[in-house]
Amino acid sequence: WTNPRRITAGVAAVVGVVVVFVASHLGAIKERLPGWFRNRLGNAMVDLPLTPRSHGYLWGRLLAEVLVLGLVLIALDIDLGLIEVVAAFGVSQIAAGIPGTPGGLGFAEAGLLGALEFFGVGITVGAPSVLVFRVLSYWIPAGIGLVAGTSTFLSSAEAP
């Protein structure tokens, strides 16, 4: 733990977990606000209650994506510890949310590539790993979802 990059990664991972935990409880915070302010906020996604089951799905998805990123890095012979992988994934997710593009397209990749560069992975090695990770974690599930949604719609009574 004497490596400053490892310390930074640990702090980033802890901050990321806290942010996800706090964000998942925003509805409870809204209930404690004054009525006039709560009315100005109106209805939002945070008004939905998060059950233990939905928390399980959220954390399960995050852990699965971190696992996929770690496996991609191992497959491409990139040696990072778990803390660095978690921090790099967190940076990519924060970057993905900045512009509002679908799936953070372009920004998630840039954030992940920048985080990998911070941890000493060169761009020539990092870029292919970022592309492989994004194909596995975003494009394949999106394609499967498109096929599933289209086939469900076409088999429904509403389809022309």
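Tutor: Helix α7 has 32 residues and reaches 44 Å from its first C-alpha to its last, close to the 46 Å expected at 1.5 Å a residue, where the expected span is 1.5 Å times one less than the number of residues. This is a predicted model, in which local features need pLDDT of at least 70 and side-chain atom pairs count only at pLDDT 80 or more, while totals for chains, interfaces and linings use all residues. Residues are numbered from 1 along each chain as its sequence is written, and side-chain values use heavy atoms, with hydrogens and water left out.

Student: What makes Phe89 and Phe133 an aromatic pair, and is the pair stacked or edge-to-face?

Tutor: Rings of Phe, Tyr and Trp (its six-membered ring) pair if their centres lie within 6.5 Å, with planes under 30 degrees apart counted as stacked, over 60 as edge-to-face and the rest as tilted. Phe89 and Phe133 lie 6.4 Å centre to centre with 90 degrees between the planes, and therefore form an edge-to-face pair.

Student: Why does Phe133 count as buried?

Tutor: Phe133 counts as buried because its relative accessibility is 2%, and buried means under 20% relative accessible area, exposed over 50%, partly exposed in between (1.4 Å probe, protein chains only). Phe89, at 5%, is therefore buried too.

Student: Why is Trp139 called partly exposed?

Tutor: Trp139 has 44% relative accessibility, so it counts as partly exposed.

Key
Helix = DSSP H or I, 4+ residues; strand = E, 2+ residues; numbered from the N terminus.
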